[in-house]
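Let's walk through this model together, one region at a time. Keep the sequence and the 3D view side by side as you read.

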Amino acid sequence: MTIRNLMLSALLVTGLAACATQATAPAVPGDTALGPVLVDAKRMTLYTFDRDNAMPGKSVCNGPCATNWPPLVANAGDMAKGDWTIITRDDGSKQWAYKGKPLYGWVKDTKPGETTGDGFLNGAWHVAKP
């Protein structure tokens with residue numbers, strides 16, 4: 001193998017390793033009638049739950065609550081970075097949190113841009129703001 005091929009191989013391996021470890025945000029800003037909010041990969045609005053504030057770094061939305069408000073799932077290999085953290089739920093699964101607040105979808109939002117969960121449960125649910 002020539003030195004040129006060795007150098008190209010080293011660059012390729014280095015580039016692939018950088019791509020594999022590069023963290024991307026699990027949500028991005030999206031536009032709604034309420035202004036900019038965080039949205040998931042399907043462009044669906046994400047929400048925070050006031051009752052999670054009682055136990056920082058933990059979700060209190062489990063069981064039927066999590067059926068209606070599906071957690072933003074963190075997959076194996078996902079890595080926290082900056083304002084993005086990963087929490088462990090009661091069932092052992094992983095969930096994304098932004099600035100310490102666990103993030104959820106809302107089953108009654110059926111298309112991108114909807115924010116029907118904002119203010120639900122006497123104002124306990126809020127659109128997640130970037």
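Is Thr-48 buried or exposed? With a relative accessibility of 10%, Thr-48 counts as buried; here buried means under 20% relative accessible area, exposed means over 50%, and partly exposed is in between, using a 1.4 Å probe and protein chains only. Before going further, please note that this is a predicted model, in which local features need pLDDT of at least 70 and side-chain atom pairs count only at pLDDT 80 or more, while totals for chains, interfaces and linings use all residues. Residues are numbered from 1 along each chain as its sequence is written, and side-chain values use heavy atoms, with hydrogens and water left out.

Back to Thr-48, which sits in strand β3. Strands (E, at least two residues) and helices (H or I, at least four residues) are DSSP runs, numbered from the N terminus. Setting aside residues up to four places away in sequence, Thr-48 touches Lys-101, Pro-102, Leu-103, Ala-124, Trp-125, His-126 and Ala-128. A contact of this kind means heavy atoms within 4.5 Å. One of these partners, Ala-124, is itself in contact with Thr-48, Phe-49 and Asp-50, leaving aside its neighbours within four places in sequence.

The angle about the S-S bond is -105°, and the link of Cys-61 and Cys-65 is left-handed. At 0% relative accessibility, Cys-61 is buried, whereas Cys-65, at 22%, counts as partly exposed.

Strands β4 and β5 run antiparallel and are joined by 5 bridges, where two strands pair if DSSP finds at least two bridges between them. Within this pairing, Ile-87 stands opposite Gln-95 in β5. The hairpin of β4 and β5 has 5 residues between the strands, and Gly-92 there takes a positive phi near 90°. On to the next pair: β5 and β6 are also antiparallel, with 2 bridges joining them, and Ala-97 stands opposite Pro-102 in β6. How enclosed is β5, and why? Strand β5 is largely enclosed by the rest of the structure, because 4 of its 5 residues are buried.

Most residues other than glycine have a negative phi. Lys-99, however, has a positive phi, near 50°, and it lies in the turn of the β5 and β6 hairpin, which has 2 residues between the strands. At 52% relative accessibility, Lys-99 counts as exposed. Another positive phi in a residue other than glycine is found at Asn-122, near 55°. Asn-122 is placed in helix α3 (residues 120–123) and, at 84% relative accessibility, is exposed.

Finally, consider charge. Side chains of opposite charge can pair when their charged atoms come close. A search of the whole structure finds 1 salt bridge, defined as a side-chain nitrogen of Lys or Arg within 4 Å of a carboxyl oxygen of Asp or Glu. Its partners are Lys-58 and Asp-90, with the closest N and O atoms 2.3 Å apart. Lys-58 lies in the loop between β3 (47–49) and α2 (64–68) and Asp-90 in the loop between β4 (84–88) and β5, so the pair ties together parts that are 32 residues apart in sequence. Lys-58 is partly exposed, with a relative accessible area of 23%, while Asp-90 is exposed at 52%.

How values were computed
Disulfide = S-S within 2.5 Å.
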